[in-house]
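Me: I would like a close look at one part of this model. Please start with the sheet and work on from there.

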Amino acid sequence: MSIERLDKGRRMSEAVIHGNTVYLAGQVAEGPDVESQTRAVLASIDALLARAGTDKSRLLTATIWLSDIANFSGMNAVWDAWVDQDNPP
């Protein structure tokens, strides 16, 4: 079984490739509002997936944590524009 780690840190790797599955962790962004933070996180995800040889059309699941549920609609607006509509997780 092969395991490849991308951008290893002291506590975790940004991405781990195990067989044909890619696991991402810890994608966070700074910015003035939830929309710009979400765009930055999704750009980071796109870049990591590309480095792992895949893309968002192959997502199986996504977990999104918000600091305030009041930001849900702003995050969702950016997410809905980004997610592959033919292959949602």
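In what order do the strands of the open sheet lie, and is their pairing parallel or antiparallel?

Reply: The order is S1-S2-S3, three strands in an open sheet, and the pairing is antiparallel. (Strands are DSSP runs of E, at least two residues, and helices runs of H or I, at least four, both numbered from the N terminus; two strands pair if DSSP finds at least two bridges between them.) This is a predicted model, in which local features need pLDDT of at least 70 and side-chain atom pairs pLDDT 80 or more, while totals for chains, interfaces and linings use all residues. Residues count from 1 along each chain as its sequence is written, and side-chain values use heavy atoms, without hydrogens or water.

(Axes are lines fitted to C-alpha atoms, for helices over the stretch in contact; angles run from 0 to 180 degrees between N-to-C directions.) Five bridges join S1 to S2 (residues 13-18), in the antiparallel sense. Glu4 has Ile17 in S2 as its bridge partner.

Now the helices. The axes of H1 and H2 come within 8 Å and cross at roughly 35°. The crossing is right-handed (the near helix is turned clockwise from the far one by less than a right angle). From H1, Val34, Glu35, Thr38, Arg39, Leu42, Ile45 and Asp46 meet Gly74, Met75, Val78, Trp79 and Trp82 of H2 (contact means heavy atoms within 4.5 Å). The residues of this contact divide into seven nonpolar, two polar and three charged. (Ala, Val, Leu, Ile, Met, Phe, Trp, Tyr, Cys and Pro count as nonpolar; Asp, Glu, Lys and Arg as charged; the others, Gly among them, as polar.)

Asp86 lies in the segment after H2. Asp86 is exposed, at a relative accessible area of 70%. Its C-alpha atom is separated by 24 Å from that of Gln27, 59 residues apart along the chain.

Definitions and conventions:
Buried < 20%, exposed > 50% of the residue type's maximum accessible area, 1.4 Å probe, protein only.
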